Amino acid sequence: MEVWGNCLRIIEQIIEPQKFQTWFKPIRPVRFERSTLTIEVPSDFFREYLEGAFLDVLKKTLKRVIGADARLYYQVKPVKVEKPMVFPAANGLTPVNKTVPINTYQPSGNPNPFVYPGIQRVQINPRLNPAYCFENIVEGECNKMGVTAGESISMSPGKTPFNPLFIFGGPGLGKTHLCQAIGISIKEKFPELVVLYVTGNEFKTQYMDAVAVRNKLTDFLAYYMKIDVLIVDDIQDLMGQGSQNAFFNIFNHLHQNGKQLVFTSDRAPVDLQNFEERLLSRFKWGLSVELLKPDYPTRLAMLRSRCRREGVEIGDDVLEYLANRIRSNFRELQGALISLIAHATLLHRGITVELAESITDNIIGEEQSDITIEKVQKVVCEYFGINRETLISKSRKRQIVQARQIAMYMSRNMIDGCSLSTIGAEIGGKDHATVLHACNTVTDLMSTDKTFRQYVSDIGRILAPNER
């Protein structure tokens with residue numbers, strides 16, 4: 001293709017010969033239409049490195065060859081029967097909203113990053129990442145309910161019983177991916193709807209900026225009340241009476257007018273602290289879905305899916321090692337795989353279990369990868385000389401109750417992102433209130449009972465011998 005050939009001739013004069021051979025020679029032009037150039041790259045890792053290292057060179061070259069309206073798309077080379085995956089470049093197109101009228105009341109000051117005083121019609125950036133689509137989600141028992149609910153919402157936003165949809169779970173379990181996938185799917189099916197993704201901290205900051213400028217709180221509220229689908233990520237960061245009061249009014253207006261609301265949090269609605277009760281009750285109106293830690297089959301499926309996406313073939317022994325070693329969340333598992341591919345690619349080494357061992361040792365700590373609810377139960381049972389069936393039974397014997405409470409306390413404090421409901425489900429099918437009561441009881445007893453405090457200290461040292 002002549003356009004790409006012209007680009008290569010310019011790039012070859014700019015960067016070092018070795019880098020040109022490594023990162024530009026493998027690229028194949030696919031199509032050129034309406035100032036948009038699509039190129040095929042060997043893997044998604046290749047694409048990410050190209051974006052990070054040479055984006056500025058690409059942008060300037062494309063502008064010189066094609067013009068100011070040049071756009072670049074990447075197509076990841078398909079493997080076997082897998083269809084190619086297409087990603088827009090950092091300067092490419094992403095989902096866009098139609099313009100909406102915003103009434104402003106004063107010609108000075110900006111109430112938030114999106115509203116400009118004096119402009120009657122505003123185009124709200126949905127802030128959605130095209131890579132976070134449903135097609136790129138690996139579905140398993142850990143997220144099946146959330147994916148199913150999300151797909152149902154995207155078919156009929158604001159018209160299902162799942163409004164609001166409250167997604168919660170620990171870090172790295174796919175909350176951001178899922179909530180953005182809902183927004184992307186809605187934009188594909190209903191392009192006329194105005195979708196906005198924002199974090200709880202960003203909403204709070206925008207509110208504080210609005211109240212700092214005279215008469216701009218009204219503009220701030222008017223702006224958010226124009227949204228058809230509002231996605232708030234990490235809503236637990238929405239602290240402060242003023243910002244919560246503003247959000248309460250926005251919530252009521254959107255919900256009453258049939259608009260879709262999607263929230264994510266690192267904890268269940270009942271576990272949120274420093275939130276107004278009237279707001280917490282509204283979070284419970286729709287559907288609350290917990291994303292759990294992925295089980296072994298899902299972890300292995302995610303690794304295989306990502307290998308296909310990267311255009312690389314890795315032996316089952318390596319993938320099974322990673323799936324067994326890293327059990328906490330998708331983010332760490334994906335990070336380990338990308339690091340493994342990067343080391344093998346850049347150092348020209350084979351992808352082996354030995355290389356995987358060295359990579360994972362640098363990413364996770366041994367004690368972090370080993371501590372699970374199952375291990376906590378095992379250690380507690382061995383310490384008190386009981387079996388697991390007794391631990392999770394309904395026995396009210398003092399020693400059994402204390403062992404059960406310590407197991408809950410240790411699970412909550414030594415396993416990152418482990419929710420109360422997850423702990424309760426694993427330890428006798430208890431609800432979150434029972435687990436919270438157990439944790440509070442252990443804390444109280446540790447301050448008053450020396451022997452009990454020794455129990456907890458001993459078990460803690462067994463679970464994490466390297467921690468002081």
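Two strands count as paired if DSSP finds at least two bridges between them. Helices (H or I, at least four residues) and strands (E, at least two) are DSSP runs, numbered from the N terminus. With that in hand, here's a look at the fold. This is a predicted model, where local features need pLDDT of at least 70, side-chain atom pairs count only at pLDDT 80 or more, and totals for chains, interfaces and linings use all residues. Residues are numbered from 1 along each chain as its sequence is written, and side-chain values use heavy atoms, with hydrogens and water left out.

**The whole chain**
- The protein chain holds 20 helices and 11 strands.
- Of its 468 residues, 50% are buried (under 20% relative accessible area, 1.4 Å probe, protein chains only).

**The five-stranded sheet**
- Five strands line up as β8-β9-β10-β7-β11 in an open sheet with parallel pairing.
- At the edges stand β8 (195-199) and β11 (287-290); each has a single partner strand, so one side of each is left without a neighbour in the sheet.
- On average, neighbouring strands of this sheet are turned by 15° against each other, direction ignored (axes are lines fitted to C-alpha atoms, for helices over the stretch in contact, and angles run from 0 to 180 degrees between N-to-C directions).
- Four bridges join β9 (residues 229-233) to β10 (residues 260-265) in the parallel sense.
- I231 has V262 in β10 as its bridge partner.

**Helices on the sheet**
- Helix α8 (residues 241-256) packs on the sheet and touches β9 and β10 (contact means heavy atoms within 4.5 Å).
- The direction of α8 makes about 140° with that of β10.
- Helix α4 (residues 144-155) lies across β7 (165-168), β10 and β11, and runs at about 140° to β11.
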